[in-house]
Amino acid sequence: MAVLLAGFTFQLAAQGAGEYLGPKDTGGKRTYLLHEMATLRSSVKPEFQGVHPRVYFTTQELDALSRKAHGPDAAWWAEQEKHLKVLQGPPPAPPAEKRREQNDVALAIAEGAFAYQMDHDPKVLAATKQYMDAALSYKVWGYSWSKPNVDLAAGHLLYAMGVAYDLLYHDLSGADRDRYRAAIAEHGHLLYEYFAPKPGRVWAYSQNHTFIPITGLAIAAYAVYGEVPEAAQWAALSRAIYDRVLATYSKDGYYYEGFEYWIFATPWIIHYLDAQLHATGEDLFNQPGLKEMYLYVANSVTPGGEMMFDFGDVFEGSITRARRGEDYLRSHPGGHFETNYNVLYDLAEHFHDARIQGVAEYLRGMGHTSEEPWWTLAWRDDSLKAAPMSSLPTYHWFRDHDVAYWRSSWKSDATAVAFKCGPAEGHAAEELRKQLPDWRFEQGHVHPDVNSFIAWAHGAYLTGDSGYSGVPKTVDHNTLLIDGKGQGNDGKGHDAWAKYDYSRLNTVRITKAQFSRDSFVLTGEGAGAYSASLGLTRYERTLSMSKSGMIDIRDAISADGDHTFTEALHADGSIDRLSPRSFVLHPVGGGSATLRAEIVAPADLSTAVEPNVVMGPGIPGSVDKGTQEQRGEFIRATTTKPGASAEFRWVLRF
């Protein structure tokens, strides 16, 4: 597909094998979303016609926030002013195509525009305009080799330019307004054309490469509504696509792309919903996944708050946990975990929920930060008292995605375990996709990790996952191989679930979850995650802890015909092999914590300790063409005699 911009033609690069982000043209005849574009609310309020600002704030609302910034929140706001991105140095020169470089420019623009309205500091205005001018100097918004002008960076920059144009409208010269409006019009048109309905076109509604750009398009549309004729169409398309984004969003609060992508993607859903509510008056917040989101965030963060349970594409596994590598520097700037937790303040205020406020305060108390801290001023309702973390259960079962979490307490010295045995996008997706033929699954960030688990104790990640992978494999996780083969279509590209029968995958589930303050029993059935051609008929795993310091794992495996069965157990650091059945797993990041693993069954078994070699993600557009990285070691335990069944038992002590 080619895109034309100002005399330049760019060919959209292919995605990784088995992966196609954004809309896809199937060759069909039906055109979707036209009815939604024509009927759903997408025009600004009548009283906002010809008025600026209007997208997120009115002049009166900005004045109230300024009084808050210089009154009760003065100390906090003064600290934010010291770190305004636009004042930290000049923007990157063209083409600015390092990873997420233009995203950072965009976030600086939006922050600078808001900060100027709080303080009216001329140097902040000048610096913000310098960043806006830099955005105009980039011939490509994004990467010239991968989806130029229509992907994540384009969404970021349209959001930023829309916010700044709206907030600074009366502080810009007529010539500046014309230049910025023209840039918004040019790039809004490109993004609209890329996502617009056409015969046979379908969309990956639940995937961040759809809703992040569409959020940017919507904010730009409301900023120039009535000034750029096409803006009304941008707003209508954004509203139509968000109808499906919300319909396909999590039903239980769990985010299927993993916690790194919850951090990256969730603010954009909130940004759209806030703009839709303020600019049009339509409240779309009443979504079950948004109401329960705080439980996902609270349970995903490990005790002490520095790390996370990393199911799916989440940073660099043991490298990040060793506080090394580019992803650690990006995810923990200045040593603080940047979780974008402040979106919870907005949800707490909207739902008037003290529990959500409590989780936000819990994360803030552990030093968490946000990419857009300025939103906290607008989102945090100081009158809403936070519920203590002690009021939340120390366990939760996300029933639609079938992921369960347990911890001994909310204190930093707690023991915690996570167990995953659900389909990629949850059980509800099976029926929903029948109702929405225009919804295309894209599950590249979901790993082949059914019936896998993660354990944390004594301040350390004892065993679990391997992090973001360009080509995720089942053996990267604490789970099962049959005849050396894994789940889904692992090893064939970035999306291990591409073209896999979702009806079969939807049979995997947690069948039992019992929790108490001191113990748990979790049972999952995972055979449906493996191709029917492998003959696996039963993979029942029971994970239990009945006394402190010991986890018992029992697996009952059955298949048609004779097979060999292999199970893996991972360590971030090295593994000492004390005997063929006894091992000591070492974490990384310091400390003296270890995990002792004993294989009790089966009787006929061969074991080996191997390096855990993972393909890291490649550059955007070629994510499945990264470099090989060692991320710890793992135990490979394999039955020595082929058979139709096997029973594994592991005992883990810590």
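Modeller: Contact means heavy atoms within 4.5 Å. Please note that the model is a predicted one.

Biologist: Why is His-427 called buried?

Modeller: Buried means under 20% relative accessible area. His-427 has 13% relative accessibility, and therefore counts as buried. Across the protein chain, 64% of the 654 residues count as buried.

Biologist: What is the secondary structure of the protein chain?

Modeller: The protein chain has 19 helices and 21 strands.

Biologist: What makes the protein chain as compact as a globular protein of that length?

Modeller: For 654 residues the globule rule gives 26 Å, and the radius of gyration of the protein chain is 25 Å, close to that value; therefore the chain is as compact as a globular protein of that length. Along the principal axes, its C-alpha atoms fill a box of roughly 80 × 55 × 40 Å.

Biologist: How many of the contacts with a separation of 6 or more come from residues 24 or more positions apart?

Modeller: Such residues account for 72% of those contacts in the protein chain.

Biologist: Where do the charges lie on average, positive against negative?

Modeller: The mean positions of the 62 positive and 80 negative charges are 3 Å apart. As for the surface, the protein chain exposes about 22,900 Å², of which carbon and sulfur atoms supply 51%.

Methods: Residues are numbered from 1 along each chain as its sequence is written. This is a predicted model: local features need pLDDT of at least 70, side-chain atom pairs count only at pLDDT 80 or more; totals for chains, interfaces and linings use all residues. Side-chain values use heavy atoms; hydrogens and water are left out. Helices (H or I, at least four residues) and strands (E, at least two) are DSSP runs, numbered from the N terminus. The radius of gyration is taken over C-alpha atoms; the globule rule is 2.2 Å times the number of residues to the power 0.38. Buried means under 20% relative accessible area, exposed over 50%, partly exposed in between (1.4 Å probe, protein chains only). Accessible areas come from the Shrake-Rupley method with a 1.4 Å probe; for residues, only the protein chains shown count as cover. Lys and Arg count as positive and Asp and Glu as negative; His and the chain ends are not counted. The place of a charge is taken as NZ of Lys, CZ of Arg, CG of Asp or CD of Glu.
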